[in-house]
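User: Could you walk me through how to read a buried charged side chain and a pocket?

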Amino acid sequence: MSAVPRSEKPHKGDRPSGRFRRMLDRLSSSQEDLECEELEEDSQASGCTRISECTDRQIVKVTGTLRTVTLRPRAGVPALEAELFDGTAPLDVVWLGRRSIQGIEPGRKLIASGRIAMSHGRRVLFNPKYELRPLGKE
């Protein structure tokens, strides 16, 4: 007989953290979860701030993958808008006065830096300094 009742399940932290357990976790995770986890690891490895940790008016350096890229006028001025995602939260990146930028396309990874603003409850980075990640690293 065991001292632990059968109805109690081990907590996630009590599970073994070996190679086999990680493999099982990866097999049972959805593709989206795996992509988010990979983006988070990439963000940490590059020394960038997680988007979910960014606050209003903070100067940050973030990295992630562009999900969408659209041309949307703001106050009569063309604006190229892209949604950057790092696995934790989305960030709107806006280049005012631009209709297109070579290399800025959905699926492309980049590093962006600048001052975060909050607009309609979303984090926005206007006219950021940016660095496109090499295509071979994707």
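This is a predicted model: local features need pLDDT of at least 70, side-chain atom pairs count only at pLDDT 80 or more; totals for chains, interfaces and linings use all residues.

User: Where is D86 found?

Analyst: D86 is in the loop between β2 (79-85) and β3 (90-96).

User: Which side chain of opposite charge is nearest to D86, and how far away is it?

Analyst: The general idea is to compare that distance with the salt-bridge limit of 4 Å. Here the nearest such side chain is R50, 6.3 Å away, so buried D86 has no salt bridge. Its side chain does have a polar contact of 2.6 Å with the side chain of T88. Beyond neighbours within four places in sequence, D86 is in contact with several residues, including R50, I51 and T63.

User: Is T63 buried or exposed?

Analyst: The cut-off for buried is under 20% relative accessible area. T63 has 1%, so T63 is buried. T63 sits in strand β1, and its side chain reaches the backbone oxygen of L110 at 3.0 Å. A further polar contact, of 3.2 Å, links the side chains of T63 and R133.

User: Which strand gives the most to the lining of the second largest pocket?

Analyst: That is β2, with 3 residues. β1 (59-71), β2 and β5 (122-126) each supply at least two lining residues. The lining includes R72, E81, D92 and H120.

Note on methods
Residues are numbered from 1 along each chain as its sequence is written. Side-chain values use heavy atoms; hydrogens and water are left out. Helices (H or I, at least four residues) and strands (E, at least two) are DSSP runs, numbered from the N terminus. Buried means under 20% relative accessible area, exposed over 50%, partly exposed in between (1.4 Å probe, protein chains only). Lys and Arg count as positive and Asp and Glu as negative; His and the chain ends are not counted. A polar contact is a pair of N or O atoms within 3.5 Å; within protein, one must be able to donate a hydrogen and the other to accept it, and residues adjacent in sequence count only if both atoms are side-chain atoms. Contact means heavy atoms within 4.5 Å. On a 1 Å grid over the protein atoms alone, a cavity is a set of points where a 1.4 Å probe fits but cannot get out, and a pocket is an open set with protein on both sides within 12 Å along at least five of seven lines; lining residues have an atom within 4 Å of a point.
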